[in-house]
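Please look over the structure shown here before reading on.

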Amino acid sequence: MNKKELIKLVAKKAELKQCDTENVINALFDTIISELGKGNRIKLFGFGSFMVRERAEHKGRNPQTGEIITIPKSKYPAFKPSKVMTDAVKDE
C-alpha cells in the first residue's frame with residue numbers, strides 16, 4: 001500500500017474528504033519527523049512507539065578496496081510495534 005492508497009482508505013473509513021484526510025496524514029507525518037528530529041519519543045497506545053536510536057562507532061570494510069574503515073556513530077529513526085499490533089499480525 002502506498003500513501004495515496006492509505007489516504008483513500010482512511011478517508012473512506014473516517015467518512016472524510018480525501019483532501020482533508022491527506023492534510024491530516026501529512027501533518028501527522030511532519031509532526032512525527034519533527035519530534036524525532038528533536039530527539040523526542042512518540043508513544044501511540046495500541047500502535048507502537050517511534051524513537052531515535054544510536055549506532056555506536058564501529059569498524060567496517062570498504063567493499064571496493066577491502067580497506068578497513070571506522071564508521072562513526074550515528075542516529076537513526078526506529079519503530080517498535082505495540083503488543084496489540086504484533087498480536088494482530090501474528091493472527092493473520
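Phe-50 is buried, because its relative accessible area is 17%, where buried means under 20% relative accessible area, exposed means over 50%, and partly exposed lies in between (1.4 Å probe, protein chains only). The model is predicted, so that local features need pLDDT of at least 70 and side-chain atom pairs count only at pLDDT 80 or more, while totals for chains, interfaces and linings use all residues. Residues are numbered from 1 along each chain as its sequence is written, and side-chain values use heavy atoms, with hydrogens and water left out.

**Aromatic contacts**

- Three aromatic pairs are found when the whole structure is searched, and rings of Phe, Tyr and Trp (its six-membered ring) pair if their centres lie within 6.5 Å, with planes under 30 degrees apart counted as stacked, over 60 as edge-to-face and the rest as tilted.
- Phe-50 and Phe-79 form a tilted aromatic pair, with 4.8 Å from centre to centre and 50° between the planes.
- This pair links distant parts of the chain, since Phe-50 lies in strand β2 (residues 48-55) and Phe-79 lies in strand β5 (residues 74-81), 29 residues apart.
- Helices (H or I, at least four residues) and strands (E, at least two) are DSSP runs, numbered from the N terminus.
- Phe-79 counts as partly exposed because its relative accessibility is 32%.
- Phe-47, Phe-50 and Phe-79 together form one aromatic cluster.
- Arg-55 lies over the face of Tyr-76, at 4.1 Å from the ring centre; a charge sits over a ring if NZ of Lys or CZ of Arg is within 6 Å of the ring centre and within 35 degrees of the ring normal.

**The largest pocket**

- The largest pocket holds about 170 Å³ of space, where grid points are joined across faces, edges and corners, and a volume is the space filled by probe spheres set on the points.
- On a 1 Å grid over the protein atoms alone, a pocket is an open set of points with protein on both sides within 12 Å along at least five of seven lines, whereas a cavity is a set of points where a 1.4 Å probe fits but cannot get out; lining residues have an atom within 4 Å of a point.
- The lining of the largest pocket includes Phe-47 and Phe-50, together with Leu-6, Ile-25, Leu-28, Phe-29, Ile-32 and Leu-44.
- Helix α2 (residues 18-37) gives the largest share of this lining, four residues.
- The lining divides into eight nonpolar residues, no polar and no charged, where Ala, Val, Leu, Ile, Met, Phe, Trp, Tyr, Cys and Pro count as nonpolar, Asp, Glu, Lys and Arg as charged, and the others, Gly among them, as polar.

- Strand β3 (residues 58-61) and strand β4 (residues 68-71) run antiparallel and are joined by four bridges, and two strands pair if DSSP finds at least two bridges between them.
- His-58 stands opposite Ile-71 in β4.
- Six residues lie between the strands of this hairpin, in which Gly-66 takes a positive phi near 80°.

**Residues in loops**

- Glu-15 lies in the loop between α1 (3-14) and α2, and its phi is near 55°, a positive value in a residue other than glycine.
- Glu-15 is exposed, because its relative accessible area is 74%.
- Lys-73 has its place in the loop between β4 and β5, and Lys-73 is exposed, with a relative accessible area of 57%.
- Ser-82 lies in the loop between β5 and α3 (83-91), yet Ser-82 is buried, with a relative accessible area of 14%.
- Ser-82 and Gly-46 are 36 residues apart along the chain, and their C-alpha atoms are separated by 5.7 Å.
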